[in-house]
Amino acid sequence: MTEEPLGNDWKLKLRYGRATTPFQHYSLVADRVAGALADGFQCRPGPAMKGWATDADEAVDMLRFICGKVGFEMAGRVEIHETPPDQPPRGSPFGYDLAFVPYDGEGDTDE
């Protein structure tokens with residue numbers, strides 16, 4: 001990544017090549033099973049995450065690691081999409097916006 005701070009116009013700098021990063025931005029959605037959740041978490045299956053990673057495999061590894069810290073385990077497929085970022089890249093890969101969406105196991109959300 002470029003050495004100078006990205007500032008508030010980081011999206012424009014990335015778009016027009018005034019700043020670069022070795023990372024790609026991803027959004028991931030995965031089926032998970034809630035196990036013994038870490039303190040402070042009360043969630044049901046269905047987490048999603050956004051993040052910057054060097055490739056899709058690294059992004060999935062980050063999701064697996066972060067959800068393991070929260071108390072979730074892999075329970076099925078992972079959908080991964082290259083998406084526009086909501087946060088600027090940093091000097092190393094990272095995930096953010098970890099969200100839990102409950103569903104009944106048949107693909108319907110509880111809303």
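Which residue forms a salt bridge with Lys 50, and how far apart are the closest N and O atoms? I started there. The partner is Asp 97, with the closest N and O atoms 3.6 Å apart. I keep in mind that this is a predicted model.

**Entry 1: the Lys 50 pair.** I looked up where the two residues sit. Lys 50 is in strand β2 (residues 47-53), and Asp 97 is in strand β4 (residues 94-100). They are 47 residues apart, so the pair links distant parts of the chain. I then checked accessibility. Lys 50 has a relative accessible area of 23%, so it counts as partly exposed. Asp 97 is also partly exposed, at 44%.

**Entry 2: other salt bridges.** I found five salt bridges in the structure. One of them joins the side chains of Arg 64 and Asp 61, at 3.3 Å from N to O. Both residues lie in helix α2 (residues 56-70). They are three residues apart, about one turn of the helix. Arg 64 is partly exposed at 42% relative accessible area, and Asp 61 is partly exposed at 46%.

I also looked at Asp 9 and Lys 13. Their side chains meet in a salt bridge of 3.6 Å, N to O. Buried or partly exposed? I checked each residue of the pair. Asp 9 is partly exposed, with a relative accessible area of 37%. Lys 13 comes to 17%, and the cut-off for buried is under 20%. Lys 13 therefore counts as buried.

**Entry 3: Ser 27.** I moved to strand β1 (residues 24-34), where Ser 27 is placed. Its relative accessibility is 16%, so Ser 27 counts as buried. Which side chain does Ser 27 meet in a polar contact? I found Thr 83, at 2.8 Å. Leaving out residues up to four places away in sequence, I listed what Ser 27 touches: Met 49, Lys 50, Glu 79, Ile 80, His 81 and Thr 83. Lys 50 turns up again, here as a contact of Ser 27.

**Entry 4: the whole chain.** I stepped back to the fold. The protein chain has two helices and four strands. Along the sequence I read α-β-β-α-β-β. I then took the contacts between residues at least 6 apart in sequence: 73% of them join residues at least 24 apart. Of the 111 residues, 29% are buried. The accessible surface is about 7000 Å², and carbon and sulfur atoms account for 48% of that surface.

Terms used:
Residues numbered from 1 in each chain as written. Predicted model: local features only at pLDDT ≥ 70, side-chain atom pairs only at ≥ 80, totals over all residues. Heavy atoms only, no water. Buried < 20%, exposed > 50% of the residue type's maximum accessible area, 1.4 Å probe, protein only. Contact = heavy atoms within 4.5 Å. Areas by Shrake-Rupley, 256 points an atom, 1.4 Å probe, with all protein chains shown as cover. Polar contact = N/O pair within 3.5 Å; in protein donor to acceptor, adjacent residues only side chain to side chain. Salt bridge = Lys/Arg side-chain N within 4 Å of Asp/Glu carboxyl O.
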